[in-house]
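Please open the structure in your viewer and keep the selection tool at hand. The tour below goes from one selection to the next and says what to look for at each stop.

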Amino acid sequence: MNDPSAVRIEAFLEMMSAERGAAANTLTSYERDLEDVRSFLMERSVRMIDAAPDDLRAYLAHLARQGFKASSQARRLSALRQFYKFLYAEGMRGDDPTGILDAPRKERSLPKTLSTDDVTRLIGLAEQEAAAPGDNHLQRLRMCALVELLYATGMRVSELVSLPATVLAQSGRFLVIKGKGSKERLVPLSRSAIAALQAYGAALAADREGGGDQKESGFLFPSAGKEGHLPRQVFARDLKALASRAGIRAATLSPHVIRHAFASHLLQNGADLRAVQELLGHSDISTTQIYTHVLEERLHQLVQEHHPLAKQAKNRE
């Protein structure tokens, strides 16, 4: 069966890269998902560019039978929507077969997070270990800077480990982060994060001047690996080890959990959801709305503390 769908997928990916600035990981994900759909449809003797809504429903049902979660099915459907919108816009199809498809129903899952006491304990131990003399002092200072920056900014772990070395030359209390799609956002730094960053930067410079292992690099957290910067997997492993030493269950902790803690703690203390969206680098407010449970709890507390009827009920108890 002559199937030009592969060529259309390639054209779609080129458009996503050139016109929308999609990141490499996003393009890889789209390509993998669309090729999976194409293979499924070819087994049914259907060309992907000719697929009808029922063909795509059959694919989603196939994913469900394979045990894919609703979130994974929704991601595949999102890729299909983007692809068929592209075909329609380019005049390669006269309709969009995904327009009448329902998204798989997702279960609302609340993000894992840490209490403020746990975060205080984690950062406190990182500071203690960074201040202690002995071997691996630079690595301990680095760990302290990583944890402080992560909780102070809520940035993604990929954004954190790939920060440029030019960050050390900044004197202000704000940090420019390059996020998904190369979009930049401005986030404030806490005083403790600035202090940890300066201590790490001074130790890094001293190591280089003293002929140590650290070579000049364009990254704030350099590594000898192919990426040139600290791998996120290494940071995640070291973070779990720090958590274990702090008496926090390591299995529940990851850099992403600290990002969630950053957002949750801001909302608990009165931050606006839109402001948190900007700080996290979410392009869509719906992504940030996973934290609405925090807002609901805070609103309930406000009513209980300030509503006259609630006060009267409390006085009668």
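Which residues line the largest cavity? Select L138, Q139, R142, Y200, Q214, F221 and P222, and you have its lining on screen. Before going on, note that this is a predicted model, in which local features need pLDDT of at least 70 and side-chain atom pairs count only at pLDDT 80 or more, while totals for chains, interfaces and linings use all residues. Residues are numbered from 1 along each chain as its sequence is written, and side-chain values use heavy atoms, with hydrogens and water left out.

**The cavity**

A cavity here is a set of points, on a 1 Å grid over the protein atoms alone, where a 1.4 Å probe fits but cannot get out, and a lining residue has an atom within 4 Å of a point. A search of the whole structure finds one cavity of 30 Å³ or more, and the largest cavity holds about 50 Å³ of space, a volume being the space filled by probe spheres set on the points, which are joined across faces, edges and corners. Helix α6 (residues 137–153) gives the largest share of this lining, three residues.

**Helices α6 and α8**

Now select α6 together with helix α8 (residues 191–209), whose axes lie 8 Å apart at an angle of about 150 degrees. Helices are DSSP runs (H or I, at least four residues), numbered from the N terminus, and axes are lines fitted to C-alpha atoms, for helices over the stretch in contact, with angles from 0 to 180 degrees between N-to-C directions. The two helices, α6 and α8, are therefore roughly antiparallel to each other, a label used for angles over 145 degrees, whereas 65 to 115 counts as roughly perpendicular. Residues in contact, meaning heavy atoms within 4.5 Å, include L141, A145 and L149 of α6 and A196, Y200 and A203 of α8.

**Helix α1 and its partners**

Next, select helix α1 (residues 5–20) and helix α2 (residues 24–43), whose axes come within 11 Å and cross at roughly 160 degrees, so that α1 and α2 are also roughly antiparallel to each other. Their contact includes I9, F12 and L13 of α1 and L27, Y30 and L34 of α2.

Notes:
Angles under 35 degrees count as roughly parallel, over 145 as roughly antiparallel, 65 to 115 as roughly perpendicular and the rest as oblique. On a 1 Å grid over the protein atoms alone, a cavity is a set of points where a 1.4 Å probe fits but cannot get out, and a pocket is an open set with protein on both sides within 12 Å along at least five of seven lines; lining residues have an atom within 4 Å of a point.
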